[in-house]
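Please read these notes with the coordinates open beside them.

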Amino acid sequence: MHPESVLGLDQIDLSDLAFWERPQAEREDAFRLLRNERPLAFFDEPSVLDSPLAPPHGPGYWAVTRHADIAEISRNPEIYCSGKGAVSIIDLAPATVEYFTGMVSTDNPRHARLRRIVSSAFTPLRVKSIEQSIEEVVDRVIGRVSGTGGCDFVAEIAAPFPLEIICAMMGVPASQYDMVFRCSNIILSGGDPEYFPDGIDPVLVYAEAGRELTELMNELGRDRTDHPRDDLITALITTNIDGEALTRAELASFFIMLLTAGNETTRNALSHGLVALTEHPEQRALWLADPTTIGATGVDEIVRWASPVNWMRRTVTGDTVLGGQELHEGEKVVLFYNSANRDETVFDDPFRFDVRRHPNPHLGFGASGPHFCLGAHLARCEIDVMIRELLKRLPDIEATGEPTRLRSSFINGIKSLPCRYSD
Ligand code: HEM
């Protein structure tokens, strides 16, 4: 049984960061209320950045909370476009959108062209072929903490692991991992004050993080022009689709997008996964007893449960109707995947963490459509290998305290999580 929501329908404000700081159960009750009573709810826009350089306040947005409505929007990119910005509710300057978010904020034909350039690196076959190197990184990461009795799970395990994988795929040298980590934290911080030093305009902090990553891309690009290798940087600089090479700006934004998209998401799935396995010992026992069978369903249950990306935005291109609600050209719709992943019309007992859940049509990687997560196979493999090895080598690993959560509505992030183990 789920208790009644502590918030009344009119008290829910998804644009207020204080809402996202509420305990998970309260947020989930509020979304349940929205799904049932006001599945398309209109909200004023958030004031994300305290800066004179921030864009003016926009007209508001529709929060879409039902699984079926989100699936319909994702299937129809001609009616609901991404090109005006998919990862920001407020309208950013077009150059900023392009720079920080790359293809996630483009539409066809440009989106298809950009996606084709990198898609071959993320197919199931290609991911299978790098499984061994994923296992090697897992081995190194767990090796560094074994014998210590406990650590910060995020800092020592969940964060460095996907970072090392995506950096290795890109061809970033190990000496730059710390810088990449710091900059991707800022870009996906959602304005969390921890990442913005006092007295410095946050817009400038974002810009500086982007500049550092661009400089690295330029440096690596120059190197690969003379010395091509089997890595993604080489693929990006040598690609030539329909006789057209990527522009310098496209290269930089590709680089930033792949580094950021591939890092925080898997990290947060793993951290929420450890919390869930700690709170549900019977589910962990199932996984421990049969990692191959349970991994095949448990990984997706972790992604459903965690919903590491809470939402993506689309913009209505012409007047239409969704779920009985009239929508007009230019209006923004925000797709709350976290809510779709608890939709009781789709999932049996959605508030139960069930590592054998099957089928599991969750929207943690987005819904079916052109923008469905490019890294889904890679992320699934990373989570599978890491959980399997953790349970094998540190079988009693458990979270020992409350996670420190990221102050963001966009990323369901965990900044730190104490854990202990006896090995
Ligand atoms: C558990 C881990 C992950 C989660 C939950 C996740 C989630 C998502 C979501 C929700 C979207 C947007 C879908 C849409 O708007 O329709 C997305 C897009 C994307 N993801 Fe992931 N992601 C994960 C891991 C990764 C990894 C490891 C990579 C590798 C680089 C990656 C690369 C991308 C890219 C490039 C896009 C944009 C695709 C496009 O616009 O065509 N993701 N992801």
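1. Tyr-337 places a polar side-chain atom 3.3 Å from an oxygen atom of the ligand, and this is a polar contact in the sense used throughout, namely a pair of N or O atoms within 3.5 Å, where within protein one must be able to donate a hydrogen and the other to accept it, and where residues adjacent in sequence count only if both atoms are side-chain atoms. For Arg-115, an N or O atom of the side chain is 2.7 Å from a ligand oxygen, and for His-371 the corresponding distance is 2.6 Å. The elements that contribute two or more residues to the shell around the ligand are helix 5 (110–119), helix 13 (248–261), helix 14 (264–279), strand 5 (311–316) and helix 18 (376–393); helices (H or I, at least four residues) and strands (E, at least two) are DSSP runs, numbered from the N terminus.

2. The model is predicted, so local features need pLDDT of at least 70 and side-chain atom pairs count only at pLDDT 80 or more, while totals for chains, interfaces and linings use all residues. Residues are numbered from 1 along each chain as its sequence is written, and side-chain values use heavy atoms, with hydrogens and water left out.

3. The ligand is surrounded by 28 residues, the closest being His-111, Arg-115, Arg-314, His-371 and Cys-373, where a residue is near if one of its heavy atoms lies within 4 Å. By class, the shell comprises 18 nonpolar, eight polar and two charged residues; Ala, Val, Leu, Ile, Met, Phe, Trp, Tyr, Cys and Pro count as nonpolar, Asp, Glu, Lys and Arg as charged, and the others, Gly among them, as polar.

4. An open sheet is formed by five strands in the order 1-2-8-5-3, with mixed pairing, two strands being paired if DSSP finds at least two bridges between them. Strand 1 (40–43) and strand 3 (80–81) are at the edges and have a single partner strand each, so one side of each is left without a neighbour in the sheet. Strand 2 (residues 61–64) and strand 8 (residues 332–336) run parallel and are joined by four bridges, with Tyr-61 standing opposite Lys-332.

5. A second open sheet, of three strands in the order 4-12-9, has antiparallel pairing, and its edge strands, strand 4 (150–152) and strand 9 (398–399), each pair on one side only. Three bridges connect strand 4 with strand 12 (residues 418–420), and Gly-150 has Arg-420 as its bridge partner there.

6. For helix 11 (residues 202–226), the end C-alpha atoms are 37 Å apart, which agrees with the 36 Å that its 25 residues should span at 1.5 Å a residue, the expected span being 1.5 Å times one less than the number of residues. At the start of helix 11, a side-chain oxygen of Asp-201 comes within 2.8 Å of the backbone nitrogen of Val-203.

7. The peptide bond from Asn-108 to Pro-109 is cis, with omega near 5°, and Pro-109 belongs to the loop between helix 4 (94–101) and helix 5. The bond from His-358 to Pro-359 is also cis, with omega near -5°. Ser-307, although not a glycine, has a positive phi of about 40°.
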